[in-house]
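Have the model open while you read, and take the points in order.

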Amino acid sequence: MHILEIAREIKPNTRREKFYQLMNTNIFGNCKLWAFDEASSYFKLKCNDACPDYSLNKFNDWLEKKYEQCSIEMKQDHWLDSGKLMNGREVGKFSDLAVLKRIVQYAPTNLLDGIWLSNILPVGPCSQVEAILFKIRMDEAGNGVFEENHPNLYLRLLDSINEKLPSVFVKDFSTDNRLLDYSFEESIFQMCVGLFPQDFLPELLGMTLFFFFSATPTSLQIAKCLKKRKIESQYYWVHAQIDNIKNGHGFLAKRAIELYLKQIEECNNKQVQIHWRRIWNGYHTWERINLEFEQVLQDKLEIFDKKRIE
């Protein structure tokens with residue numbers, strides 16, 4: 001039987017089971033078979049934004065526009081406060097209870113901060129690109145400081161709102177009925193791709209760039225939202241500072257891409273555009289998954305607030 005056929009045969013049927021297996025690869029060794037197929041499938045979906053040809057100047061111009069957009073967004077209220085939804089409707093400020101529910105729904109993602117880079121650095125000599133990505137990974141893990149570990153910060157946030165979730169490694173977490181099925185999608189995506197850093201390095205670079213170019217404005221908006229509602233907000237303030245585009249993780253992601261494409265150019269100039277398209281695809285694939293999740297949350301929380309008022 002072909003390896004892809006085996007992978008599809010043993011592949012779990014639900015997001016919750018996928019999450020549980022990926023969190024326990026020591027038990028489910030065969031999950032790597034279906035995880036590679038799963039990772040590949042994410043990148044096969046067509047991106048709506050046409051990929052421009054790469055040049056260093058075009059890349060910098062594109063990022064400058066992204067930075068300008070981020071600067072505008074950082075001054076705006078989060079949709080939980082403004083009530084302005086992605087579908088263009090305005091529904092008014094969401095309740096504090098809705099805000100707390102959103103915090104819980106992001107647990108499968110934020111309790112695994114940096115997991116897409118968890119296998120980025122093998123034992124032995126490394127490249128400059130791997131070193132940069134590993135630095136980001138270590139920052140997400142708190143650089144060995146318990147109190148600065150990002151998942152620990154999110155756990156503290158959950159504790160502060162009296163939401164005690166099971167360990168992410170046990171089945172009770174993935175089957176917890178407080179969590180929506182779609183709440184596991186981003187973490188499944190990150191884990192599947194992150195298991196194969198050598199196969200998906202260009203995509204991982206694009207994913208890293210997206211995460212940190214979107215994280216700065218979003219983290220700042222949510223930090224302000226939580227502070228106004230007197231909810232623990234340190235996790236988001238830390239991200240707003242460390243992920244910034246000018247000299248934080250956003251800058252490091254940009255630098256890693258430039259170095260990677262320079263290395264490709266030195267080896268084979270004809271391959272640069274191919275690798276750039278893969279980076280672009282990684283960026284927009286995570287963007288699509290994140291926007292879909294936010295849309296699900298907006299729909300669910302709008303219904304929740306309506307029912308609560310009725």
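1. Let's begin with what lines the largest pocket. Sorted by type, its lining residues come out as 15 nonpolar, 13 polar and 9 charged. Bear in mind throughout that this is a predicted model.

2. How much space lies in the largest pocket? About 1000 Å³. The lining is made up of 37 residues, and those closest to the centre of the pocket are E73, S214, T218, Q221 and N290.

3. Next, where that lining comes from. Six helices each supply at least two residues: α4 (56–74), α5 (79–82), α7, α12 (201–228), α13 (234–242) and α15. Which of them gives the most to the lining? That's α12, with 10 residues.

4. Now have a look at the second largest pocket, which holds about 280 Å³ of space. Its lining has 15 residues, and K101, V104, Q105, R178 and L301 are the ones nearest its centre. By type, the lining splits into 9 nonpolar, 2 polar and 4 charged residues.

5. For this second pocket, α6 (96–105) and α15 each supply at least two lining residues. The top contributor is α6, which gives 5 residues.

6. On to the aromatic rings. How many aromatic pairs does a search of the whole structure find? It turns up 32. One to look at is Y42 with F189: the ring centres are 4.9 Å apart and the planes sit at 70°, so this pair is edge-to-face, the cut-off for that being over 60 degrees. The pair links distant parts of the chain, with Y42 in helix α3 (residues 31–42) and F189 in helix α11 (residues 185–194), 147 residues apart.

7. Are Y42 and F189 buried or exposed? Y42 has a relative accessibility of 7% and counts as buried, because the cut-off is under 20%. F189 is buried as well, with a relative accessible area of 0%.

8. W116 is in the loop between α7 (107–110) and α8 (128–140), while W286 is in helix α15 (residues 272–309), so the pair ties together parts 170 residues apart in sequence. Both partners are buried: W116 has a relative accessible area of 1%, and W286 has 0%.

Note on methods
Residues numbered from 1 in each chain as written. Predicted model: local features only at pLDDT ≥ 70, side-chain atom pairs only at ≥ 80, totals over all residues. Heavy atoms only, no water. Phe/Tyr/Trp six-rings, centres within 6.5 Å; stacked < 30°, edge-to-face > 60°. Helix = DSSP H or I, 4+ residues; strand = E, 2+ residues; numbered from the N terminus. Buried < 20%, exposed > 50% of the residue type's maximum accessible area, 1.4 Å probe, protein only. 1 Å grid on protein atoms, 1.4 Å probe; cavity = no way out; pocket = protein on both sides within 12 Å on 5 of 7 lines; lining within 4 Å. Points joined across faces, edges and corners; volume = space filled by probe spheres on them. Nonpolar A, V, L, I, M, F, W, Y, C, P; charged D, E, K, R; others polar.
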